[in-house]
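Reader: I would like a close look at one part of this model. Please keep it brisk.

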Amino acid sequence: MKHRVVITGMGIVCPLGHDVPTFWNGLMTGKSGMAQTTLFDASTFPTQFDAEVKGFDLSRFVKHVDYHKNGNRGSQFVVGAAAQACRQARIDIETDAPADGIDRRRMGIYLGAGEGAVNDDAFFSALVDSWQEDKQSPDWTKWVKTAAAKMRPMQELEQEPNMPAGHVAILTGARGVSRSCLTACAASTQAVGEAAMLVRYGKADVVIAGGAHSMIHPLGITGFNRLTALSTRNDSPTTASRPFSASRDGFVIGEGAAVVILETLESAKRRGVNILAEVVGFGSSSDAFRVTDMHEEARGACQALRAAIADAGLTIYDIDYISTHGTSTSENDSIETLAIKTVFGEHAKKIPCSSPKSQMGHLIGATGCAELITCAMAILEQTLPPTMNLNDPDPALDLDYVPNAPRKAKINVALKESFGFGGQNNVVIIKRYSE
Amino acid sequence: MSARRVVITGVGAITPLGLSSNQMWQGLLEGRCGLGPIRAFDASAFDCRIAGEAPEYNIRDFVPKSHRKATKLMSRDIELAVIASQEAVENSGFITKAHEGKTPTLNPTRTAINYGAELIACDLTEMAQSVKHCITDGKFDIHKWGQVGMPTLTPLWLLKYLPNMLPCHVAIIHDIQGPSNTITCGDAAGYLAFCEAVEMIQRDSADAALAGAGGTKVNPIGIVRQYLMGRANCASNDNPAAACRPFDAAANGTVFSEAAATLVLEELASANARGAKPLAEPVGWGSSQSLNTDYVHLEPNGQSMQIAIETALQQAGVAADKIDLVIPCGSGIACDDAAEATGIQNALGKAAASVPVWPIKSMLGHAGAAAGAIDLVAATLAIVHRQCGAAINFQKAAAGCKLNILQKPLRQKFNFVLCCGYSFGGQSAAVVLKAIED
């Protein structure tokens, strides 16, 4: 038996705000989450700015902050986001005796979550202390002395990408299916998509789904800087993320967490909770091309798009809004535009498609679900979030990117697409709920 | 909609017991231990100096010519996944793009890949070559890192360490264009990747899938992390073969190993259509979450294991006393073994006293993410060969363990085999495999 899957709660912690109303208001008023890097000293890095979550206070959301105090940034953010989403969905948290009508064995968790930050002091100090110039390698006896003295076991554990889900379990008491995935920048779109499949096919009545990630630490920025994937527009952080513009020079890294509560329609009705939107389609594919580049003809992206539209039982003419991956890298924005044109043909130009990354940055593993929340808000508010900083359109990219200002529109169906490094592509389609 | 049935049609593994699933199987039957002193680096000053290392290999022997250049972008975790997947594909009889010059029989867009991976440790010797430029007054200088250290790091450095690169490389090698996911659920990743791959075929998103997991903690950072967390055995450095003692009263921590295992899954009708021989059928699976704010270990009452097993049995429609063999997690970490034994006992009820339990980490070590996939390969081979080996390093049951730990090898038909596992962080899973009817 197939169940209809609805969204009954949403929560977010991101550079534009620590709850959905603040986040949405930021998108609607042209705010930018970008500024100079403060989480570490990046003053000599090629990229010296980012989009950070600032002033996050977990005690605003939960009683038992101590259960999460060792959590990595992603774990802490996702506890905050999950607490918000649960409140909206009237799911009891931090209790051994929930009275919300949900069997905890039928409540699952599915996060697209990334690794926690390395302990920089232990990591770099151990290499410095143990370096042997004559052998051009570390002396492991010296290395382990420093490493073992400086490492803190819980911080080491918190680097594992399954830890955010562990924290959400402690928060909610969820005892059902629990999975985490890490398909690079597509992770939380995939998490929500696969979570919807668990609900649709009866593996769970409720799944707390979403993503959590922070790669704003020296090794994370190093990795992306070496790939030349990040914008280096250090003199103008707030205009650096400019998807689909001719002068785009890379993405701006952000951090955060986003959570949606997915539930069978029967469960939502039985519990009498408000339904925000319905998840109707999911498609996933693999480029199987190169680990370094997207397929030149967007083969994998097209397959995921077509699979999701078919899964939803819709046609290309039903899609009212596309929330793009829109990273502001040269390659992504070109290939993504090609994918949309290939799948939607002539109709592509009539579909508004925008990138909230222009304002909130790229939350990596968490980004897909954050953007899915913008899709739900677009449906609820009948308003399209804009692509900001689009002042010099790339002549080769000629879709309706909703430049520089939000726009009122009739939005019944919204599509979220995400593409991960290595070629994992994911698309989720949501629809305005109606009986 | 009638449920599409899914069967296993190929297995592959690289483990401390050998470069193939067959070598692993022979080792397990003989009760051979693949654990030994660490050779990968000088561990003489480490509290834990033992591990399970994979045999030596040349990765270029396991990839087609067209992918040889890309081997430079492979961390060890990726290499292990590529090797295990190559064997699994061969074992299934599928012709893929990797068989250069032949016409593939694997349909790219109808094939999925779902692979378990974990935190990948970067190559510290490589990193140190860049860090050495960044020392001021004997300390790391981040200003120098940005100016002169970072630029010496290879541009594609990050791509070696993204966990999703395991399935991405395998997908490129074998031209797998269908759904692709990377499950990162710590030590439970192999199980959960397998479960999701089965679901992908069941729901008609694919007709075939590669499912598995790979990884290694056998590197300086991985080993030190594990013993600081109190998981690694640091008291048996002189006797590695006796170090990992699942459910034994003298259990004193696990031993970490490096491995990968891959299973080929297929929709039953399409497997039959191409004349493939089904090896076993996954008929039930379940997962749950341990709720323990210590996050490192299972909750003492093993409830997540109980729920996962109960869910799997229920889905399989099998009574506990019909289970012929259990391959447990059995890590050799005393508190986790106790919790797991309690969970299994509560789930199986009276049958728990009689169902044979075969812990295999005593021989293979704990391969982290790969562990679950290895368990599933071992269970599949037990079903196919109608035999299994005995436990090693089990002399006296740990307090509270009332399981029937196998004292001698078995030769019999196994109709249903239950496998289960769990991770730090709490993810827990169980799978029931069923023999193919004659």
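At what angle do α6(B) and helix α12 (residues 370-385) of chain B pack, and how far apart are their axes?

Author: This is a predicted model. In it, α6(B) and α12(B) pack at an angle of about 65°. Their axes lie 5 Å apart.

Take the contact residue by residue. From α6(B) come B:A189, B:G190, B:Y191 and B:F194. From α12(B) come B:A370, B:A371, B:G372, B:A373 and B:L376. By class, seven of these residues are nonpolar and two are polar. None is charged.

The contact between the chains takes 77 residues from chain B and 75 residues from chain A. The most comes from α3(B), with six residues. This side of chain B has 44 nonpolar, 24 polar and nine charged residues.

Next, follow the chain out of α6. The loop between α6 and β8 of chain B holds B:D204. This residue has a positive phi of about 75°, although it is not a glycine. B:D204 is exposed, because 12 other C-beta atoms lie within 10 Å, and exposed means 12 or fewer.

A:V402 is not a glycine either, yet it has a positive phi of about 50°. It sits in the loop between β13 (383-384) and β14 (407-408) of chain A. A:V402 is buried, with 21 other C-beta atoms within 10 Å.

Strand β8 (residues 208-216) runs antiparallel to β9(B), and nine bridges join them. One example: B:L210 has B:V264 as its bridge partner in β9(B). Strand β1 (residues 6-14) of chain B also pairs with β9(B) in the antiparallel sense, over eight bridges. There, B:G12 has B:T262 as its bridge partner.

How enclosed is β9(B)? Ten of the ten residues of this strand (residues 258-267) are buried, so β9(B) is largely enclosed by the rest of the structure. In a regular strand, side chains alternate between the two faces of the sheet. Both faces of β9(B) are covered. One side has B:E258, B:A260, B:T262, B:V264 and B:E266, all buried. The other has B:A259, B:A261, B:L263, B:L265 and B:E267, also all buried.

How values were computed
Residues numbered from 1 in each chain as written. Chains lettered and ligands numbered in written order. Predicted model: local features only at pLDDT ≥ 70, side-chain atom pairs only at ≥ 80, totals over all residues. Buried ≥ 20, exposed ≤ 12 C-beta atoms within 10 Å, placed from the backbone. Helix = DSSP H or I, 4+ residues; strand = E, 2+ residues; numbered from the N terminus. Pairing = 2+ DSSP bridges. Contact = placed C-beta atoms within 7 Å. Nonpolar A, V, L, I, M, F, W, Y, C, P; charged D, E, K, R; others polar. Axes fitted to C-alpha atoms, helices over the stretch in contact; angles between N-to-C directions.
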